[in-house]
Amino acid sequence: MKTKILLILVLAMFSQKGQAQGMPVYDNTNFITLGKSLIESAKQTSELLKTVKFLKEQKERLEQVSNVVKQVKAVQEIVENNQQLYNTVQQDLREILNSPYIRPEEVDRISDSFNSIIEMALEDLNFMQQLLTSNLLNMTDAERLAVLEAQKERSRSMRAEIDLRYKRYRAIISVREMQDRILNREINY
């Protein structure tokens, strides 16, 4: 019987054409090292993603602060322009109206022309206050800043308009003063 088993084993070995097959041998230490390395890389990637998210949030906050600073500067310039506008109107209008060369029928028209600009400036300040304090318009900071920049330009143009009107009325007064001097001069023949 031993011979039969031995014969079967020999036949089985030769029937596989002499190719030996067996279990592959793996080095477990390399797989463990690779696994640890992959886990560490995943942790680092996770930390990097958290850092990127944090930096994006900080960038957004900086942009918001920058927009707020720009808005504050625009508002500050608008307020300064309106204050100068008010002071200019107050001084220039008084000077023009106190001139003896302005006729009484012109006083109302001159006052109205200066007052219309002051009223526009006050309406702009009211609008600006509503724009900044209420979120009725649901505007982004960039849109709000664009509106404030337009308001700033408008306040500059109002100051230029006041200066132009003052110069115009000063020129009228100068012409009338010159006419008065010419008409009332003493003639030495």
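User: Hi! How many residues does α3 have, and how far does α3 reach from its first C-alpha to its last?

Analyst: Helix α3 has 30 residues and reaches 44 Å, close to the 44 Å expected at 1.5 Å a residue; the expected span is 1.5 Å times one less than the number of residues. Helices here are DSSP runs (H or I, at least four residues), numbered from the N terminus. This is a predicted model, where local features need pLDDT of at least 70, side-chain atom pairs count only at pLDDT 80 or more, and totals for chains, interfaces and linings use all residues. Residues are numbered from 1 along each chain as its sequence is written, and side-chain values use heavy atoms, with hydrogens and water left out.

User: Thanks! At what angle do α3 and α4 pack?

Analyst: About 170 degrees, with the axes of α3 (residues 104-133) and α4 (residues 141-183) 11 Å apart. That makes α3 roughly antiparallel to α4, a label for angles over 145 degrees. Axes are lines fitted to C-alpha atoms over the stretch in contact, and angles run from 0 to 180 degrees between N-to-C directions.

User: And how many aromatic pairs does a search of the whole structure find?

Analyst: The search finds 1. Phe114 and Tyr169 have ring centres 6.0 Å apart and planes at 35 degrees, so the pair is tilted.

User: Nice. Is Phe114 buried or exposed?

Analyst: Phe114 is buried, at 0% relative accessibility. Tyr169 is buried too, at 11%; buried means under 20% relative accessible area, with a 1.4 Å probe and protein chains only.

How values were computed: Helices (H or I, at least four residues) and strands (E, at least two) are DSSP runs, numbered from the N terminus. Angles under 35 degrees count as roughly parallel, over 145 as roughly antiparallel, 65 to 115 as roughly perpendicular and the rest as oblique. Rings of Phe, Tyr and Trp (its six-membered ring) pair if their centres lie within 6.5 Å; planes under 30 degrees apart count as stacked, over 60 as edge-to-face and the rest as tilted. Buried means under 20% relative accessible area, exposed over 50%, partly exposed in between (1.4 Å probe, protein chains only).
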